[in-house]
Amino acid sequence: MSLLEVKDLHTSFFTSAGEVKAVNGLSFNLEKGKVLGIVGESGSGKSVTAYSILQILTHPGRIVSGSIRFRDEELVGKTDAEMREIRGNKISIIFQDPMTSLNPTFTIGNQLEEAILLHTNRNKKEAEERAIEMLRLVGISEPEKRIKQYAFELSGGMRQRVMIAMALACEPDILIADEPTTALDVTIQAQILELILDLQKKMGMAVIMITHDMGVIAQICDEVIVMYAGSVCERGTADAIFYHPCHEYTKGLMRSIPDMNDDDKKRLVPISGTPIDLLHMPPGCPFAPRCDRAMKICLKEKAKEYWVGHDQLSACWQNIKDGICSTERPEKEEEEA
Amino acid sequence: MENKERAFTPDPEFLLQVRNLKQYFPINTGFMKTTMLKAVDDVSFDIRKGETLGLVGESGCGKTTVGRTILQLYKPTGGEIWFKGKRIDNKEDLKEFRRQAQMVFQDPYSSLNPRMTVADIVAEPIDVHKMYATKKEREERIHELMTLVGLNTEHATRYAHEFSGGQRQRIGIARALASQPEFIVCDEPVSALDVSIQAQVINMLEDLQNRFGLTYLFIAHDISVVKHISNRIAVMYLGHMMEMASANELTKHPLHPYTISLMSAVPIPDPKISRQQQRIVLKGDVPSPLKVPEGCPFQPRCERATAECAKTCPAMREVAPGHFAACHNI
């Protein structure tokens, strides 16, 4: 039994213009103590996946079908009160923008203690001690002074640390990090990623890292899911995805990132066209309209996920044509020396 | 400060030469109290014709202000800007300079007027500089520019909100090209775009540069993008220039302690290299630009700081051929 099992999740936004299928049949398992990366461009449904797990979708979005099981307990269909027991306690989230996700009218201490008082049976004084302890853990200097300050008095990196402290105050089993470093500079990003990894090891929790940055994925993830327009293109270990991409979208994504180690400045190979309009989804593979190697079948029918390696699944008709995939999980290949 | 008045002889090899550029902004810091925010403090550099100079640094380091001050969107507090061997200091110079120097802005959503059609946005520079004789000529030029950046000319009568982020950035680039400039300041032109679209725009900027012999000042915080597009890179920190060298040299062999830590923090999209990467994680945050530390601005966070660093601000000097750095300890 996995810690979190998501099966055939469909989440849609019912707008006046029609149904927007933000997540379209997503399944994955998250094991204890693992870091799972979900990578994709804007509109790929990676954030909506996170919001679906915690059921913090805003109107007009809702889960249409599918199942989300946490420790073998079904989350879909739980009431708000039941979900409140899980949110911030068992599963926590850090949002992208640390500037707007803290309440400007409460002190840092107030906001930190709220979760602690709600989910544990600590009293006010103990909660404050715990808040100070958490701030110290995330590397904030003079935490006794900081808990009396407001969000505007802190820098972006500090605010993100406070967010992390808040998310981890109740020692959750799963931390969902939704683009936690996108709004931060690279040197601060390095600090925050290191902090998340460090705390993940200390507390033994599982992390879902949602990002568009392949560099962040390479740095901290064990496993990766590549998403495009609400569907999974490819999944596998970080090494498999980076060194042996099989889906045409993953390959295109890799080719369009400038390589830091390339001194000759080879021309980038961009993916042509523009991202798909989620209101008018084609029946086949969502990437087919932009794919250079699209075949007739790609436009008609979505490919199923097949094994393309011991640790890698890919949903691309091209793999079937090239004969590099199978329905059975292949044996682990010996590492080349 | 008498030496500021010393005569500067422009070098014809360079298209743009910037000397001791300063840009201070007065900030209200209390009742009847203003403090000078030194956004750019004593920055000098040259750009050759047809070259791309990358300008990197963290948010608040003054890189955008440098770009805007060069085009005199702000009146510089001090310093000189020489373009094609001529100093830009009076109104006539400035008007001609602004025809030859253009800017592409970061945010493709807020930099296009929502009440203007694409045709009017693209034609604005040629309207301002009266660069056509007939209406037909104007229209032809608009279509030429739109084709150049890969936009459908049938969309000329549409408004900006009808386009995606990548297409809007193309509109912004078409506008910048309209007055046939020689020099373009690209201020984070791809930061707001998705990776797949980013590569399209980068390739287009490179093609346009080759075709028209354009010179770019490319401002961005994404170091791998800057490395890809630039010939040379300059690094800024708290309004000061820290290091400048060729793109390969600066990314492979940075010398300034700040650049070294900056390069080590860049996430590399390769798990094996990433795992071995020795990251130098800087302590603390960037100080407020209102309270720039005494001496070298990087000194409080620098591992190699000495007593000298806290006293005097190091000047840029050539530490290796073509490699400039501002540090006492190199």
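How do the two helices lie? Helix α3 covers residues 118–128 of chain B and helix α4 covers residues 135–148 of chain B; their axes come within 10 Å and cross at roughly 110°. That angle makes α3(B) roughly perpendicular to α4(B). The crossing of the pair is right-handed.

**A helix pair in chain A**

Now over to chain A, where α6(A) and α7(A) have axes 10 Å apart and pack at an angle of about 15°. This makes α6(A) roughly parallel to α7(A). Here, too, the crossing is described by its hand: α6(A) passes α7(A) in a right-handed one. On the α6(A) side of the contact you'll find Gly156(A), Gly157(A), Gln160(A), Ile164(A) and Leu168(A), and they meet Ile188(A), Gln191(A), Ile192(A), Leu195(A), Ile196(A) and Leu199(A) in α7(A). Those residues divide into seven nonpolar, four polar and no charged.

**Where the chains touch**

How many residues does each chain bring to the contact between them? Chain A puts in 36 residues and chain B puts in 33. Five helices of chain A, α6 (156–168), α7 (186–203), α8 (214–220), α9 (238–243) and α10 (248–255), each supply at least two residues of the side that touches chain B. Which helix gives the most to that side of chain A? It's α7(A), with six residues. By type, the side of chain A that touches chain B splits into 16 nonpolar, twelve polar and eight charged residues.

**Strands in chain A**

Strand β1 (residues 4–15) and strand β4 (residues 61–70) of chain A run antiparallel, joined by eight bridges. To find your place along them, look for Thr11(A), which stands opposite Ile63(A) in β4(A). Strand β4(A) also pairs with strand β5 (residues 73–74) of chain A, again in the antiparallel sense, over two bridges. In that pairing, Arg69(A) has Glu74(A) in β5(A) as its bridge partner.

β4(A) and β5(A) form a hairpin with two residues between them. Arg71(A) sits in the loop between these strands, and has a positive phi of about 50° although it is not a glycine. There is another backbone detail to look at: His59(A) and Pro60(A) are joined by a cis peptide bond, with omega about 5°. Pro60(A) lies in the loop between α1 (46–54) and β4 of chain A. Why pick these spots out? Because most residues other than glycine have a negative phi, and most peptide bonds are trans.

**Two sheets in chain B**

Chain B has an open sheet of eight strands, in the order β6-β7-β8-β3-β9-β10-β12-β11, with mixed pairing. At its edges are β6 (101–104) and β11 (317–320) of chain B, each pairing on one side only. From one strand to the next, the twist averages 25°. Helix α9 (residues 257–265) of chain B packs on this sheet, touching β9 (232–237) and β10 (240–246) of chain B, and its direction makes about 105° with that of β9(B).

There is also an open sheet of four strands in chain B, ordered β2-β1-β4-β5, where the pairing is antiparallel. The edges are β2 (33–48) and β5 (86–87) of chain B; each has a single partner strand, so one side of each is left without a neighbour in the sheet.

Here is a strand pair from each of these sheets:

| Strand pair | Sense | Bridges | Residues facing each other |
|---|---|---|---|
| β4 (residues 78–83) and β5 of chain B | antiparallel | two bridges | Trp82(B) and Arg87(B) |

**How confident is the prediction?**

The model scores ipTM 0.85 and pTM 0.89. Chain B has a mean pLDDT of 91, and 98% of its residues reach 70 or more. Within chain B, confidence is highest in β8(B), at 97, and lowest in helix α10 (residues 271–276), at a mean of 88.

Key
Residues numbered from 1 in each chain as written. Chains lettered and ligands numbered in written order. Predicted model: local features only at pLDDT ≥ 70, side-chain atom pairs only at ≥ 80, totals over all residues. Axes fitted to C-alpha atoms, helices over the stretch in contact; angles between N-to-C directions. Parallel < 35°, antiparallel > 145°, perpendicular 65-115°, else oblique. Left-handed = near helix turned anticlockwise from the far one by under 90°. Contact = placed C-beta atoms within 7 Å. Nonpolar A, V, L, I, M, F, W, Y, C, P; charged D, E, K, R; others polar. Pairing = 2+ DSSP bridges. pLDDT = per-residue confidence, 0-100.
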